[in-house]
Amino acid sequence: MEYALFLGCTIPLKMPHLEKAFRDVAAILNVNLKEMEGVSCCPEPVSLQSLNIDTWMALGARNLAIAEKMGLDILTICSGCYETLKTVSVLLEEDKEYLEKINGILKKIGYNYTGKTKVYHFVELFSQPDWLAKLKELTVKPLDDLNLAVHYGCHLVRPSKIMQFDHPEKPEKIDIILETLGAKTIEFANKLECCGFCARLQEEIGDKLVEDKMTELCELEEEVDALIAVCPACTTQYDRKEKLVARKTGKELDIPVLYLAEIMAIALGVELEDLNLKQRSVKPDKLIKKLTT
Amino acid sequence: MTQMIKKSANDLYRNFRYEISEKVGAKSLLKCIQCGVCSSGCTVTEYVDMQPHRVVASCLLGLKEEVLASQAIWTCSLCHRCTERCPKNVDYSFILALLRNMAVKEGKIPKEYSGTVVTIYNNGFVVPYTGGLKDNIDRRRKRLGLPDLIPPDLAEIRLIIEETGLGDLAKEQEDDK
């Protein structure tokens, strides 16, 4: 299996330890990753699309065209990149007139996108039956003792007419991956709530959303060992704000937030000290203790 | 929250609905039945000055000025539940992006949004990657044993930004710095 690896910006530049975890997982699973030459920001789906849809589409199409030249499909490790690149690919496939307009721009820099590039998030890939079987086979440290809460985030699954891979209101793919690795995943009321990272105008929106979700998780009867996210924005939002909200409200909120590839790497045998698990606001001390005893 | 607007029928901008719906992704605007599902499921519904179904109604009525000046079109967290749940398939998230584009053309851009294009124009990434910042990032990656980052092709990226009409915004702000 070979893919063009689309890293995006936030993970490789601000959270490279997440990239490291993902590359470790891919190496263990024997996924061949090819680096992409000269790609830009996906570009990010919130503000650039808001400023100018054509700029957003054309930059996205250029990235897709680079993969097309490589003859490979794209594998993303961020929900924002996944949303942009998949939306651009689906919309340009549906609207040939618009594709022609975008290609008119791309031609000036020597590209022509024909619409062949498929875009995957690694959750989409690894939740397929043959990959699950492989995961199961390669698990050396089953996550048997862990209770994990999953945060899907919005852009991975919606709008479903574009994303087309998991249920938009009852997604299960991440749960399935974690259960395959031996963990127990829990159901909770705020599971599908947005993290609020993209609501940039009012900081209190994110504060409230993070407080609601983390408070619920801390009050559950069964202790939750970690919240698992697949997007750098969600991951950083919960980790940073959980600490801030705890300080502000006096609530004891102490659930660590991990990126899916990190917990996968643990199950697949990557040493804990190679994973930079302490590099976050809410330190996963209890989790590490549980994993090492 | 919602303010009472009094406007004479002659002052409505009647073509507004067609300006929006001429874009392929926004055709659905005209099908809205004002059921309110979008607003009831909206993540930021308590925080906006105009709820989603009201924004759509205002677009249909021709309240262009009010819609483009509203804080509602920029408060959205882009969770896409509105688009997902609409029984008439009105793509509110896409319509909102279009409304933001229109507001930008009129120079109404919140500062939280305008910087992105400058950062991408200057770095290719949406995170600054020059000078000392670049050195720090590169060092951190090396420590983790990660491959060197391949720099974005800035000339190509800038040409796209200019050709699609955001060049002035990207450069104008650069000059401001």
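Two strands are taken as paired if DSSP finds at least two bridges between them. On that basis, this predicted model contains an open sheet of four strands in chain A, ordered S2-S1-S3-S4 and paired in parallel. The edges are held by strand S2 (32-35) and strand S4 (119-121) of chain A; each has a single partner strand, so one side of each lacks a neighbour in the sheet. From one strand to the next, the twist averages 40°.

Within the sheet, strand S1 (residues 2-6) and strand S3 (residues 74-76) of chain A run parallel and are joined by three bridges. One residue pair can be picked out here: A:Phe6 has A:Thr76 in S3(A) as its bridge partner. Helix H5 (residues 79-94) of chain A packs on the sheet, where it touches S1, S3 and S4 of chain A. The direction of H5 makes about 155° with that of S4(A).

A helix pair comes next. Two packed helices are described by the angle between their axes and the distance between the axes. For helix H11 (residues 203-219) and helix H12 (residues 232-249) of chain A, the angle is about 85° and the axes are 9 Å apart. Angles of 65 to 115 degrees count as roughly perpendicular, and H11(A) is therefore roughly perpendicular to H12(A). H11(A) brings A:Gly206, A:Asp207, A:Val210, A:Glu211 and A:Met214 to the contact, while H12(A) brings A:Gln237, A:Tyr238, A:Lys241, A:Glu242, A:Val245 and A:Thr249. By type, the residues of this contact of H11(A) with H12(A) are four nonpolar, three polar and four charged.

The largest nonpolar core has 149 residues, and A:Ala61 and A:Ile228 touch the most other members. H4(A) is the element that gives the most to this core, with 10 residues. Leaving aside residues up to four places away in sequence, A:Ala61 touches A:Val88, A:Leu92, A:Ile102, A:Leu106 and A:Tyr113.

The last topic is the interface between the chains. Here 48 residues of chain A are in contact with 50 residues of chain B. On the side of chain A that touches chain B, at least two residues each come from helix H1 (10-14), helix H2 (16-28), helix H3 (47-51), helix H4 (53-70) and helix H6 (96-106) of chain A. H4(A) gives the most to this side, with six residues. The residues of chain A's side divide into 24 nonpolar, 12 polar and 12 charged.

Note on methods. Residues are numbered from 1 along each chain as its sequence is written. Chains are lettered from A and ligands numbered from 1 in the order in which they are written. This is a predicted model: local features need pLDDT of at least 70, side-chain atom pairs count only at pLDDT 80 or more; totals for chains, interfaces and linings use all residues. Axes are lines fitted to C-alpha atoms, for helices over the stretch in contact, and angles run from 0 to 180 degrees between N-to-C directions. Two residues are in contact if their C-beta atoms, placed from the backbone, lie within 7 Å. Angles under 35 degrees count as roughly parallel, over 145 as roughly antiparallel, 65 to 115 as roughly perpendicular and the rest as oblique. Ala, Val, Leu, Ile, Met, Phe, Trp, Tyr, Cys and Pro count as nonpolar, Asp, Glu, Lys and Arg as charged, and the others, Gly among them, as polar. A nonpolar core is a set of buried Ala, Val, Leu, Ile, Met, Phe, Trp, Tyr and Cys residues joined through C-beta atoms within 7 Å. A residue is buried if 20 or more other C-beta atoms lie within 10 Å of its own, exposed if 12 or fewer, and partly exposed in between; C-beta atoms are placed from the backbone.
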